[in-house]
Amino acid sequence: MAAAAAFSTLSPFKLSSPIETPNFPSLSSSFKLTSSAAAAAAANSPTHPFGPLKFNRIARFATAAPSAASSSATSATTFHGLCYVVGDNIDTDQIIPAEYLTLVPSNPDEYEKLGSYALIGLPSSYTNRFVESGATKTKYSILIGGDNFGCGSSREHAPVALGAAGVAAVVAESYARIFFRNSVATGEVYPLESEGRLCDECSTGDVVTIELGESDCKLINHTTGKEYGLKPIGDAGPVIEAGGIFAYARKAGMIPSRDA
Amino acid sequence: MPLSWLLCLSIWRFSANQRSWRKKRRSSRLSFHIDLFCFGQHLPMGSSALPPTSSFLSDKKDVGFSSFCTQPSFPCSAQVSKKMVSKKVVSVMTPQQSERKPSTTGAVKTGMTMTEKIFARASEKSQLIPGENVWVNVDILMTHDVCGPGSIGIFKKEFGKNAKVWDREKIVIIPDHYIFTADERANRNVDILRDFCNEQDIKYFYDIKDLGNFKANPDYKGVCHVALAQEGHCRPGEVLLGTDSHTCTAGAFGQFATGIGNTDAGFVLGTGKLLLKVPPTLRFVMDGEMPDYLLAKDLILQIIGEISVAGATYKAMEFVGSTVESLTMEERMTLCNMVVEAGGKNGIVPADSTTFKYLEDKTSLPYEPVYSDGQARFLQEYRIDVSKLEPLVAKPHSPDNRALARECKDVKIDRVYIGSCTGGKTEDFMAAAKLFHASGKRVKVPTFLVPATQKVWMDVYSLPVPGAGGKTCSQIFEEAGCDTPASPSCGACLGGPRDTYARMNEAQVCVSTTNRNFPGRMGHKEGQIYLASPYTAAASALTGFVTDPRDFLQ
């Protein structure tokens, strides 16, 4: 119970004084689950054969990766591809501008279309287009950002647009809460946190590999030959591994299984 | 697994103190002593054996928040069993001390913020700490035309074509984003909402069919967050989730309210529950008399500027103090509306007589306010002397890019926009009209007015502006040369389809009472948005530059 006491950090000071921003890494993920639930969730990634949304997207990526060839549920997850680099506070209006929100993500055609508009709201200072004009997919499967990635609106169109465009993982210094949550709930993209500021270390077009091991998560930049630590996915992991909030709730017995 | 501990803990509800709150709900002075009293009721006497809190209050910082997050995930069950044991022992050993305050009994250990208490009640637990993940029972789920169709799609896909929603009376569907547009897909999305509401017999659907004249649609409201309040769906102590990040507006009513995505909303539609993490609370104590040239918008811009756009990520922001108590409900809504711009999970203002009075003719449902305990643990407490603040703006392209309005007096602007859930309420238009009237001048740049809801629109056309000789806002706006108030909706706050009224289709500079100024927010990627209060927006309209409203109000 002493740990509860640790919470109390009452330090009154005026707003006009410089603020020390509290930084609590363990709060950076939106789910916290018992380890037994985690194991149960990880033990059997479900496959949902129907529907346009990729609730099992992450599981699919994991099994497609060479390092996940073993059948063990705890085997490493790997993402490999070109990276696209953005800065701080990339908000949902830049990820998917509001004029495209009439597209309904649960409709397969419109899902694809959302992908074609991913990151189209970036200012013209970004000279490389994320998705080429006329294309529906991006050539960059890994997105690297700075602080507070995905801030702004609660539109789920944001992680969906990235996922639909072919992004497997986002690596940012930190995330806005709802974007992180929506990424987890949908399983569209794997939201990872970097230990350093990778958006200053990597450049758009670099070839990178992300390895998510049980004890060690890292990003390797093959173009520069450097390696960086990533924070473990934390308590959101089981939900991601289950394939989203529905799959997780089914495993936990919250809602009946879909075949019922 | 979670189901089993939910069941096991459900017997440890707050039944005793809930009754007490209910009894006292209507009393004019509800303060935290009620909660202390309640804790006395449900805490075991044996907790006197626990150390007093003063010791851990003093040793901040040396023990990080993370240390408690590494606790077993569900410490509640351990606490419950401990209580049972200690109760037996102490009932023999220790006589009740009548003078004993909860602060010396160990009640401090269980002191909770109002956000934590709402989570505890909604998850049927007696005790919670920040960082825990709990399945929360949802009181109201709100969705609109942008995220509703996707949420419905997920609901159908996951629960089946013939599935029924968990409670037809707890779902509120408010088309408001893209209404007055020729965009076919936008119009189709409202049709999807209508079909779903008919099929599911949803009780609260604020439909619009005649897009040519919003007044021909008596059910149509407009901006969801303002409509939720006006229609009595915001109630103290409840949990309100909505598929819009500004759902946090409803925290003004002393409830937990936050924005969620389509998938989570689809889940709630079917189950009425959602897995949520209990947030720690940042407390903002605002005291001092509010100068008459400031509005709540200035207060929240001050706070966001101080803590940054990520300063409250995952956290609750609780607003208290004499200034907050003096604010009207609409001003409290402005305050809570923009907590998401600081990354906050929710904003919350304790319910008081102002709240109860507002709710009097709006809801007949019983509600139970909760209040933070005196010993509640706050991650941080900020104190603000409001009397010393000056009118503010947030410069492009971030809501935390704070500056004094007078520092930006050389910034030439092309247009002014007054509207949205943040700055399109009745009092926002009253404030703008008051300034226009006081100046006796005409605007120098196009000034667009978009009332949030049909009710606000009616008020703009019917309520006399105090001190303006009986003139209404609409008369004053017309005399000042503003555009005619438009049909109520989210309008150009978030750009929207190309034909949206007042959308920024060129790279212009706009002073706006809205909530976000990220690149492209109001339509054009290179457009520049200065966020400001209705006073500052009106003053800027009169000069064609960003202008401190004191130039006209004093």
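**Reading a model, feature by feature**

Tutor: A:Leu114 is buried, because 25 other C-beta atoms lie within 10 Å. Keep in mind that this is a predicted model.

Student: What count makes a residue buried?

Tutor: A residue is buried if 20 or more other C-beta atoms lie within 10 Å of its own. With 25 such atoms, A:Leu114 is therefore buried.

Student: In which helix is A:Leu114 found, and which residues does A:Leu114 touch?

Tutor: A:Leu114 is found in helix H5 of chain A, residues 108-116. Leaving aside residues up to four places away in sequence, A:Leu114 touches A:Ile96, A:Tyr100, A:Leu103, A:Pro105, A:His157, A:Val160, A:Ala161 and A:Ala164.

Student: What does UniProt list for residues 141-187 of chain A?

Tutor: An unreviewed UniProt entry lists those residues as "domain: Aconitase A/isopropylmalate dehydratase small subunit swivel". In the model, the span 141-187 of chain A is 40% helix and 17% strand, and its end C-alpha atoms lie 15 Å apart.

Student: Now to chain B. How is a pair of packed helices described?

Tutor: Two packed helices are described by the angle between their axes and the distance between the axes. Take H12(B) and helix H14 of chain B, residues 329-337: the axes come within 8 Å and cross at roughly 20 degrees. That makes H12(B) roughly parallel to H14(B), since angles under 35 degrees count as roughly parallel.

Student: Is the crossing of H12(B) and H14(B) left-handed or right-handed?

Tutor: The crossing is right-handed.

Student: Which residues of H12(B) and H14(B) meet?

Tutor: From H12(B) come B:Ala296, B:Lys297, B:Leu299 and B:Ile300; from H14(B) come B:Glu331, B:Thr334 and B:Leu335.

Student: Across which strands does H12 of chain B lie?

Tutor: Helix H12, residues 296-307 of chain B, lies across S12, S13 and S17 of that chain, and runs at about 55 degrees to S12(B).

Student: What is the order of the strands in the open sheet of chain B?

Tutor: The order of the six strands is S13-S12-S17-S16-S14-S15, and the pairing is mixed. Strands S13 (402-404) and S15 (447-450) of chain B stand at the edges with a single partner strand each, so one side of each has no neighbour in the sheet. On average, and with direction ignored, neighbouring strands of this sheet are turned by 25 degrees against each other.

Student: In what sense do S12 and S17 of chain B pair?

Tutor: Strand S12 (residues 392-394) and strand S17 (residues 528-532) of chain B pair in the antiparallel sense, over two bridges. B:Val393 has B:Ala532 in S17(B) as its bridge partner.

Conventions. Residues are numbered from 1 along each chain as its sequence is written. Chains are lettered from A and ligands numbered from 1 in the order in which they are written. This is a predicted model: local features need pLDDT of at least 70, side-chain atom pairs count only at pLDDT 80 or more; totals for chains, interfaces and linings use all residues. Two strands pair if DSSP finds at least two bridges between them. Helices (H or I, at least four residues) and strands (E, at least two) are DSSP runs, numbered from the N terminus. Axes are lines fitted to C-alpha atoms, for helices over the stretch in contact, and angles run from 0 to 180 degrees between N-to-C directions. Two residues are in contact if their C-beta atoms, placed from the backbone, lie within 7 Å. UniProt positions are given in the numbering used here, feature names are shortened, and annotations may be inferred rather than shown by experiment. A residue is buried if 20 or more other C-beta atoms lie within 10 Å of its own, exposed if 12 or fewer, and partly exposed in between; C-beta atoms are placed from the backbone. Angles under 35 degrees count as roughly parallel, over 145 as roughly antiparallel, 65 to 115 as roughly perpendicular and the rest as oblique. A crossing is left-handed if the near helix is turned anticlockwise from the far one by less than a right angle, and right-handed if clockwise.
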